[in-house]
Amino acid sequence: MLNQILIFIGASIILVPIFHRLGFGSVLGYLIAGIFVGPYGLRLIKDLESVMHFSEFGVIMLLFVIGLEIQPRKLWSMRKDLIGLGGVQVALCTVLFTCIGLYFSLPLVTSIVLGFGMSLSSTAFAVQTLQSKNTFNTEFGKSSFSILLMQDLIAIPALAIIPSLGTAKSQSGSMELSWLFPVFLVVLVLMSRYLLQPFFRFIAKSHQRDIFTATVLFVVLGVATIMLKIGLSAALGTFIAGMLLADSEYRHELESNIEPFKSMLMGLFFISVGMTVSLDIIVSKPFMVFGLAILYLGIKFSAIYLTGRIFKMNHFNSKQMGFTIAQGGEFAFVIFGIALSLEIADPYTIKFLTAIITLSMALNPVITMADEKFSQFNKSPVVEPKFDEIKNEDPEVIIAGFGRFGQMFGRILRAQKIPFVAIDRDEEQIELLRKFGNKVYFGDVMRLDLLESAGIAKTKYFVMAIDDVETSVKAAKLIRERFPHVKIFARARNRGHVFDFFDVGVERVKRETFDASIYFVKDLLVEMGNPVEKAQKIIEKFQLHDEIMLREQYKVRDDDKKFVSVSKQASAQLAHVLDDETDHTYISFTSSEK
C-alpha cells in the first residue's frame with residue numbers, strides 16, 4: 001500500500017503541475033499520470049480493481065459538495081437555462097450518440113446508456129477553464145455553467161436508474177431493498193432539519209475543527225453506506241444530503257472541511273480512470289482513435305452550438321460555449337464503470353470509449369487555443385450583447401451602475417420625484433429591479449450613442465456608481481471631455497481609485513465604505529460612554545483630517561518617498577487633531593525633501 005501511495009503522489013506532483021502550466025488543467029494531468037503508472041503503461045500498479053473501488057469515494061465527495069452548492073433558491077432562479085439549455089443539450093447529444101450506437105449494431109439499452117454518458121461534460125475541466133480565463137460571468141460562461149449543472153442533476157438519478165437496466169443477475173441484489181429509498185429520503189429530510197443542523201451547531205461551539213471535520217465525514221460516509229445497503233447509488237444519497245444542508249449556516253464550513261478530501265480523492269479517481277485507458281487500443285489503431293475523438297468533439301460541439309442558437313444566443317457566445325463544454329466528462333467514466341459491472345456493455349467497447357473521452361479532454365484545450373489564435377489572426381470582432389434602446393429621455397440625473405450604491409440615489413430621488421435614468425450591465429439585476437418599478441436600462445456607459453439617447457446633453461448630474469475601477473475612470477474621462485457641463489458624483493473603491501478620478505478632473509468623489517465606517521465608529525464611541533456631541537466632533541475632525549491628507553497624498557502620489565513621508569506625518573498628527581481641546585481645522589503637511 002505504501003508503494004502504491006508513493007507512486008500515486010509521485011506521478012501527480014510531476015505531471016499535474018506540468019499540464020496545469022501548459023494550460024490543459026489538472027484533470028488531464030491526473031489522467032495521463034494514471035495511464036503511465038497503470039497496467040497498460042509502465043505497470044507500476046496492477047491491482048486496478050481495488051484502486052477503482054477506493055477512488056469512487058472521490059465521486060461521493062464531489063456529489064456532496066455539488067449538493068452543498070445547489071440551494072433551492074438558486075435552482076429556481078436558473079430554471080430557464082437549466083431546463084431549456086441544459087435539458088435540450090443533454091437530450092440532443094444523447095439522441096445523436098444513441099443513433100450512432102445503433103448504427104454500429106449495439107443493443108438499444110447499451111446505446112442509450114453509453115450515449116447518455118458521452119453527452120455529459122467535465123464540470124471540473126470546464127469550470128477551471130472559465131475561472132482561469134476570467135470568463136465565468138460572461139453570457140457563455142453562465143450558460144455553460146447552467147448546462148453543466150443540469151448535466152450533474154440529470155446524472156444523479158441516472159446513477160440510480162441505470163442498475164435497473166442491467167441483467168437479471170445484477171438486478172436481484174440491487175433492487176431487493178430499493179423500495180426503502182422513499183422512506184430513507186423522508187428520514188433524511190427530517191434528520192437534516194431537526195438533527196444534523198442542531199448537531200453541527202453543537203459541534204461548532206466546541207471549536208474543535210478536527211471533530212467538525214470527522215462529523216462531516218461521518219455524515220457523508222454514513223449516508224453513502226445506507227444507500228448502498230438499500231441497493232442504490234451512494235453518490236445519489238450524498239448529493240441529497242448536501243442539498244438538504246445547503247441552507248445551513250455552516251454550509252461554507254462544511255464545504256471547506258470536505259474540500260481537501262474531495263480534491264485528493266477526485267485526483268485518485270482521475271488517476272484510476274487513466275489506468276483503465278488501454279494504450280494497446282491507441283497504439284494499435286491510433287488514427288482511428290484520434291479520428292473518432294475529434295469526430296466526438298465535432299458532434300458534441302455542433303449540438304451545443306445548435307442549442308445556443310435555438311435559445312437565441314449569438315454566434316460568438318454559442319461558439320465559445322461549445323468549445324468550453326465539448327469535451328467528455330468525469331461522469332461518463334462513472335457511467336461506463338456501472339455499465340461494465342452490470343454487463344450492459346462489453347469490456348472492449350468500454351475501453352475504446354474511455355480512450356476517446358480521455359483524448360477529448362486532451363484535444364479540446366488544443367482546439368480551443370487554435371481557434372483563439374485563428375480569431376486573433378483574422379481580427380474577428382467581439383460581438384457585444386444587445387443593449388436596450390433608450391428613447392426621448394430627459395432626466396435631471398443619470399445613474400451608471402444600479403447596485404447597492406446606485407440604488408440609494410435612486411430610492412431618494414424617486415421619493416423626491418426627481419426624474420432619473422439608471423444604466424447597468426447586469427441583466428439579472430435589471431430584471432429584478434424592474435419588478436419593483438425601477439426605470440433601469442441594460443447598456444454600456446462607455447457608449448456615446450447610449451449616453452446621448454439617455455439625455456446626457458441636457459442633464460446636469462451624473463452618478464458614477466459602477467463597481468469596475470478601470471471602466472468607471474474611463475467613462476468619467478469620456479464624459480468630462482464630451483459633456484463638460486455635467487457634474488459627476490463618483491463612487492471610489494479606495495484611495496487609489498480616488499486619485500484616478502482626480503486625474504481626469506472629477507472632484508466629487510466618495511469612497512464606498514468611508515462614511516459607513518466612520519459613523520459606525522461614532523456609535524462605538526457613544527456606546528463606550530462618550531457624549532454624543534463629543535463623538536460627533538471626533539468624527540468630523542477625523543473626516544476633515546482625512547480629506548486634507550487625501551489631497552496632500554495625491555500631490556505626491558508618484559513619489560514613493562514623499563508619499564510615505566506625508567502619510568507618516570498625518571498619522572503622527574492624528575492624535576493631536578482629535579484632542580478634544582484642539583480646535584485645528586487645518587493640518588500642515590510638509591515633505592522631508594523640502
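Helix α6 is mostly covered: of its twelve residues, nine are buried, where buried means under 20% relative accessible area, exposed means over 50%, and partly exposed is in between (1.4 Å probe, protein chains only). The buried ones are T110, S111, V113, L114, G115, F116, G117, M118 and S119. The helix covers residues 108-119 and reaches 16 Å from its first C-alpha to its last, close to the 16 Å expected at 1.5 Å a residue. That expected span is 1.5 Å times one less than the number of residues. Helices here are DSSP runs (H or I, at least four residues), numbered from the N terminus.

A quick word on the background: this is a predicted model, where local features need pLDDT of at least 70, side-chain atom pairs count only at pLDDT 80 or more, and totals for chains, interfaces and linings use all residues. Residues are numbered from 1 along each chain as its sequence is written, and side-chain values use heavy atoms, leaving out hydrogens and water.

Now for the rings. Rings of Phe, Tyr and Trp (its six-membered ring) pair up if their centres lie within 6.5 Å; planes under 30 degrees apart count as stacked, over 60 as edge-to-face and the rest as tilted. By this rule there are 14 aromatic pairs. Take F140 and F316: their planes are at 85° and their centres 6.4 Å apart, so this pair is edge-to-face. F140 sits in helix α8 (residues 139-161) and F316 in helix α16 (residues 315-325), so this pair links distant parts of the chain, 176 residues apart. F140 is buried at 6% relative accessibility, while F316 is partly exposed at 23%.

What about F301 and F323? Their ring centres are 4.8 Å apart with planes at 40°, so they count as tilted. F301 belongs to helix α15 (residues 286-310) and F323 to α16, so the pair ties together parts 22 residues apart in sequence. F323 is buried, with a relative accessible area of 13%. Elsewhere, ring pairs join F499, F502, Y554 and F563 into a cluster.

Charges can sit over rings too, if NZ of Lys or CZ of Arg is within 6 Å of the ring centre and within 35 degrees of the ring normal.

| Charged residue | Ring | Distance to ring centre |
|---|---|---|
| R508 | F489 | 5.6 Å |
| R511 | F514 | 4.3 Å |

Finally, the surface. L2, I5, I9, I13, I14, I18 and L22 form a nonpolar patch with about 710 Å² of accessible area together.

Methods: Helix = DSSP H or I, 4+ residues; strand = E, 2+ residues; numbered from the N terminus. Patch = residues over 30% accessible without salt bridge, like charges linked within 9 Å, V, L, I, M, F, W, Y side chains within 5 Å. Areas by Shrake-Rupley, 256 points an atom, 1.4 Å probe, with all protein chains shown as cover. Salt bridge = Lys/Arg side-chain N within 4 Å of Asp/Glu carboxyl O.
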